[in-house]
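Could you walk me through this one? I'm new to it and would like a few plain questions with worked answers.

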Amino acid sequence: MSTELAELLRAARRTAGLTQEELAERSGISVRAISDLERGRARAPQRRTVEALVAAAELGSAERLLIHRIAKTARTGQETALPCFTKALCEPPCAIGDFAGRDAELGWLVELGKDPATSTAVLTGPPGIGKTSLAIRAGATLAPIFPGGFLFLELDGLAEQPPAPTQLLRRLLGALGVEEDQLPQHLDDLVPLYRALQRERPVLVLLDNAADEAQARPLAATMPGSFTIITSRRGLTGLESAAWQTLDGLDGDEAIDLLASIAGQARIDREPLAAAQVAELCGRLPLALRIAGNQLASRPRWSIRQLADRLGESRFPALEAGDLRVRAAFDVSYRQLSEQAATAFRRLALVDGELSAEVAAVVADLPECVAADAIEELADASLLTPMASDRHYEFHDLLRAFARALLADDPHEDAQRRFTDWLLNSATKAGLLFLPPTIHPQRTVQPGPVAAIETRQEAFAWLQSRQSDWIAALRVAAREERHDTVLALTEAMHWYSDLGVAPEIWPEVFELGVAAARAIGSTRDEAVQLNLLGWAVGVLLERREEGVRLCRLALAACDKAGEHAEAGWSLFYLASLDRSIGDLAAASATIDQAIERFIAGADPLGEHIARSARATLLLAEGRPDEAIDTHRRVVAFFRRPEHHPETGGGAILLAHRLLPLGNALRARREWEQALAVFTEAVGLFREASMRSGEARARYGLGSALSGIGDLAAARDELTAAVKLLRETGAGHTRVRAQRDLAAVLDRLGETALARENRANALEFCLAWDTEETRALAEELRAETGSS
């Protein structure tokens, strides 16, 4: 201790620019006494001696207090310790005994605490997520390695007027042993003293429930060796040199473990399904789980099923135990919101999908710039959770329930109608972006709000992310008999649905379209919607007989309305259904009729799509030269300026026509030409973000590479194709791709992997069990030698 005091005194004199003689003259202390102190020979200087020296050196308050503190310790012969009466001011709570889960987060905190390069860790997350419990558990683990001790300070950040940093620092310094009469009054003097004491003895500090960066920053331990854990419902992203962790709900097993640690494992084991339901109804939120566990523990005669039923009826009244209330924890954060953010929070509960400033502007009837600020305020208060996608957010399940409960006192019918209209208009706008360039829709977007969607990629992403929302809005429009609105949307979905996205949704969508057309008495619209419904049911869902019935109804409606071009589509779909069962003669006759109808209806686009299908049938009939010639004429048609690939829908039409041309060239073993065609198709599909088309094109490309003998490249393309085909649900093509991949792997000597692919393909065929997969299964059995 005398050495440390000597170094401090010597450093103070030199900082002041004084010699020992000049300091002696100023302070009235002899040169010899100063020399003895600076060499550590004088071990316990009197208080008045120290005061004279630090006054003469004109030290700041922090350095002055630190020197006095060390000198006092030297005089009393005691180590620098935290006096019991002051340490109690910041005594940390005991770690919770029934703590469960959070192993990864706890490990992260402990590792940071041991790393001298990091001085501050911030835990954020919604109310009740368990930030404090985790921080206390980490603190208890780390405390032994901090000689200055483990201090806990409640910052009361959610109070109307949270404590000021000056007040909080004085409490921390008191806990570190600084006497009241020695505490400076101003923050600029308190911070250097706090850091000087950290330098003397590294300390672990837990600052719980911080209001903001301005409150937390002066309290954070920034000296090497010390470590601060800060919890806050706010992000505190403005803190310097900090590491952040945002807590989410526990996973399913962790949530049940927490229930078991409170209510008893044996009880959970007796009703595992009910326990899992309770965990989900609690949103896997630790506070809610703790309350549920306490209710079970205090009511030993209750079954877990009883609690699950109560939570299912009304969650918030059921999630109260003594002074623990989930709703109260949420309400504290809600009451601190600005008026705009509070309105947005309530109204966003109307939305089931992703949340954004654009959506908040619609439901809260706010300018988008104001809504953007409101969304950021909600996210900063941990009432919304940022998603991986840019500028999108989501609710925690219980926070959504809380927001919906608040809607009871908020007239929101206009907000619901605005959101419904926005969904309908936006879905219609997005669907229209997939139309081929030469097609002009009968109906367009209705007046009203609409999403900022400008490209096919944006439209594709929007329609997928909002799928459940816009379908729900379509149902609302149908119930409200808004027939033109329904038809505008279902008609716009024609070419988007042709991408093969979510096949299960289209029967309902187009059934609503058929009903709307019949309601307004439009035979032409009925024919269009029946065609789309027949295609969705028969081709996409492979319910052939029902598809044939619907397409024949569509054909009859077309004839009644005198719609030749639409009749061409009815016949085109019927030919596709004939071909699906191998009836090539019927398919050829029907597709020829379709071509005649398209010509009669002056629809060259439909005509050439039908001619492409006819060419595919020619190939199946053993007429490859005619097939290739027809395919090339069709491709040339779609290369015309009016179908230029850069116009969006035209790129998809061209890509779809390239695939059968490539297949025909592959059948003729014209590998180099097939390679060029499939390569172009892959590029077009990839540019359009159409993964199902890309999968088929890459399958063709892999086969062509195998044909020219580039086996390594063929293996890579076929492997990628199988992966994409599996993800997009293209069953039959996936089986064929795996068979081709297995053949390439055999040629490369990778026989084990080849057997694995054949076995996987066979398993898939047996599970699907259609006429086509049964035939494929027999071929695979022959290749694998299995019975």
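Here are some questions and answers on the fold.

This is a predicted model in which local features need pLDDT of at least 70 and side-chain atom pairs count only at pLDDT 80 or more, while totals for chains, interfaces and linings use all residues. Residues are numbered from 1 along each chain as its sequence is written, and side-chain values use heavy atoms, with hydrogens and water left out.

Q: How many helices and strands are there in the protein chain?
A: Helices (H or I, at least four residues) and strands (E, at least two) are DSSP runs, numbered from the N terminus. Going by that, the protein chain has 41 helices and 9 strands.

Q: What percentage of the residues of the protein chain count as buried?
A: Buried means under 20% relative accessible area, exposed over 50% and partly exposed in between (1.4 Å probe, protein chains only). The protein chain has 787 residues, and the buried share is 54%.

Q: Which residue in β3 does E154 stand opposite?
A: β2 and strand β3 (residues 204-208) pair in the parallel sense over 5 bridges. In β3, the residue opposite E154 is D208.

Q: Is T120 buried or exposed?
A: T120 lies in strand β1. Contact means heavy atoms within 4.5 Å. Leaving aside neighbours within four places in sequence, T120 is in contact with residues including F227, I230 and A243. Its relative accessible area is 3%, so T120 is buried.

Q: Are α26 and α29 roughly parallel or oblique to each other?
A: Axes are lines fitted to C-alpha atoms, for helices over the stretch in contact, and angles run from 0 to 180 degrees between N-to-C directions. The axes of helix α26 (residues 483-492) and helix α29 (residues 523-540) come within 11 Å and cross at roughly 45 degrees. Angles under 35 degrees count as roughly parallel, over 145 as roughly antiparallel, 65 to 115 as roughly perpendicular and the rest as oblique. The two helices, α26 and α29, are therefore oblique.

Technical notes: Pairing = 2+ DSSP bridges.
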